Amino acid sequence: MKVAIIGSGYVGLTTGVCLSYVGHEVTCVDVDPRRVETLKSGAVPFHEPYLAEMMRSVKLQYTSDYSQAIPEAEVIFIAVGTPSRPDGSPNLEYLESAARSIGENLGKEYAVVVNKSTVPIGSGNWVESIVRDAFRKKNNGQPENFAVASNPEFLREGSAIHDSLFPDRVVIGADQRHALERLYSLYRPLLDQSFTAPPFLQRPDGFGAVPLISADLASAELIKYAANAFLALKISYINEIGQLAQRVGADVQLVARGMGLDARIGTRFLQAGIGWGGSCFGKDTAALVSTAAEYHLEMPIVQAARRINSRQRELVVERLLGAMKLLKGKTVGLLGLAFKPNTDDLRDAPALDIARRLIERGARVRAHDPVAVELAQRQHPDLAVTWCSTPEEAAEEVDALVLVTDWPEYRELDWTVLASRMRNPLVLDGRHFLDAEKLTALGFQYLAV
Ligand code: UDX
């Protein structure tokens, strides 16, 4: 099938390589010509495991010209960014301009325009009207031949290729049967798992056919928000329990395991710590609250999850203050900047927020990350942080080290070397990730969030 994908970010590019891998003819369109050049040269514009390998093993076309991709396409995915506005509502500027350009370039054959970006409920109809208006304007009022569908994306950064090739489920939503049928044919190889897994990414043991949820537009759009908000509140729930665990002297990790093994609850997303960051949970919970407000509905559970998440970041500062008594004039080293391991994404990264809070209270901050230091420096030139290229450098003369991101390499650190660099051997583990016994035996004061 001929597929066009608008937007070559995490979602667009991953969708493109995976659909191409299972046999479709894919063209990726991005309005940024520099990004298109990077992609044409075979480079990946961000850090995502296996994406480069996948790009090498398929034949993708890249262009910034809609007219090269849209007229022939049978399925057109919109995978552009929908960042939050200050009031929590998503900024739909890119979505609107993508929809208009699609309408201006649409061919005569039936095409399905698919919203893959996380968009507010009701956006399907809105996109449809923009595509229709643009088409008619360009074609002197001739009738258009397309439908709009929703196909929410559930991939996690850092395991995007794995999640796309071996998904838990595929959700498609449309109000026209013909559109659903076309998407069903498109996803058939993934649903049946009839493709050979790439050599570098084996199919999980026992992984069989993938369930398909075929829904109306509004339900598909709500599934995405409801799923992300639930995962976010699962994390906030264990963090709330964690605060109580600390006061009563319980071990939150044991509590999480004991809870999670109840099949109705599940063990995943119960890892207590600094809480969530990234491009989705903060944005999607805010959008859900803001959509509900338009209908005069409060969402107290989702709002509480957001409050707890923000409190976890403040807790880092409070715990350091409790242990050091003073922050003014002290130096704190941060291990990890990316919002989670295996990505260089810094959107809503807890480390940046924590750095800002520490600096506001008069502390100096040094920070390291295995892949995101340069990007942090570029994106946040005003943040008075000493950017470090090794963890040892981040430990230089510090009064405390905070483990912010659970990068696997931080488990392998030589803590004797780090201790010799630090002014004071205090470690605050933001992810329950380090070996507390070992660190205590080495003479560290070990604290956890
Ligand atoms: C998320 C959803 O998982 C994905 O389905 C959706 O499409 C996009 O948003 P992503 O933001 O890439 O994916 O990362 P995810 O692995 O879900 O982690 C989100 C945040 O939660 C990270 O900051 C992570 O450190 C934190 N987290 C996760 C916890 O604090 N505890 C946990 O138990 C799990």
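Buried means under 20% relative accessible area, exposed over 50%, and partly exposed in between, with a 1.4 Å probe and protein chains only. By that scale L442 is partly exposed, because its relative accessibility is 40%. This is a predicted model, in which local features need pLDDT of at least 70 and side-chain atom pairs count only at pLDDT 80 or more, while totals for chains, interfaces and linings use all residues. Residues are numbered from 1 along each chain as its sequence is written, and side-chain values use heavy atoms, with hydrogens and water left out.

**Overall fold**

- The protein has 16 helices and 14 strands. Both are DSSP runs numbered from the N terminus: helices are H or I with at least four residues, strands are E with at least two.
- The radius of gyration is 24 Å, close to the 22 Å that the globule rule gives for 449 residues, so the protein is as compact as a globular protein of that length. The radius is taken over C-alpha atoms, and the rule is 2.2 Å times the number of residues to the power 0.38.
- Along its principal axes the C-alpha trace spans about 75 × 45 × 45 Å.
- Of the 449 residues, 53% are buried.

**Ligand site**

- The ligand has 19 residues around it, and F154, E157, Q271, C280 and K340 come nearest. A residue counts as near if one of its heavy atoms lies within 4 Å of the molecule or strand in question.
- By class, this shell holds 9 nonpolar, 4 polar and 6 charged residues. Ala, Val, Leu, Ile, Met, Phe, Trp, Tyr, Cys and Pro count as nonpolar, Asp, Glu, Lys and Arg as charged, and the others, Gly among them, as polar.
- Helix α8 (residues 217–248) gives the largest share of the shell, 3 residues.

**Salt bridges**

- Side chains of opposite charge can pair when their charged atoms come close.
- The structure holds 19 salt bridges. Each is a side-chain nitrogen of Lys or Arg within 4 Å of a carboxyl oxygen of Asp or Glu.
- K116 and E153 pair at 3.1 Å, N to O. K116 lies in the loop between β5 (111–115) and α5 (123–138), and E153 in the loop between β6 (146–150) and α6 (160–165), so the pair ties together parts that are 37 residues apart in sequence. Both K116 and E153 are buried.
- R421 bridges to E396, with the closest N and O atoms 2.9 Å apart. This pair links distant parts of the chain, 25 residues apart: R421 is in helix α15 (residues 415–421), E396 in the loop between α14 (391–394) and β12 (400–403). R421 is partly exposed at 31%, and E396 is partly exposed at 30%.
- E96 bridges to R100, with the closest N and O atoms 3.5 Å apart. Both lie in helix α4 (residues 93–105), 4 residues apart, about one turn of the helix. E96 counts as partly exposed at 31%, as does R100 at 37%.
- A network of salt bridges links R313, E314, D348, D353, R357 and R361.

**Helix ends and loops**

- D32 caps the N-terminal end of helix α2 (residues 33–40), with a side-chain oxygen 3.0 Å from the backbone nitrogen of R34.
- Just after α2, G42 takes a positive phi of about 95 degrees.
- R423 sits in the loop between α15 and β13 (426–429). R423 is partly exposed, at 48% relative accessibility. R423 and D399 are 24 residues apart in sequence, and their C-alpha atoms are 5.3 Å apart in space.
- L442 is in the loop between α16 (436–441) and β14 (445–448).

How values were computed:
A polar contact is a pair of N or O atoms within 3.5 Å; within protein, one must be able to donate a hydrogen and the other to accept it, and residues adjacent in sequence count only if both atoms are side-chain atoms.
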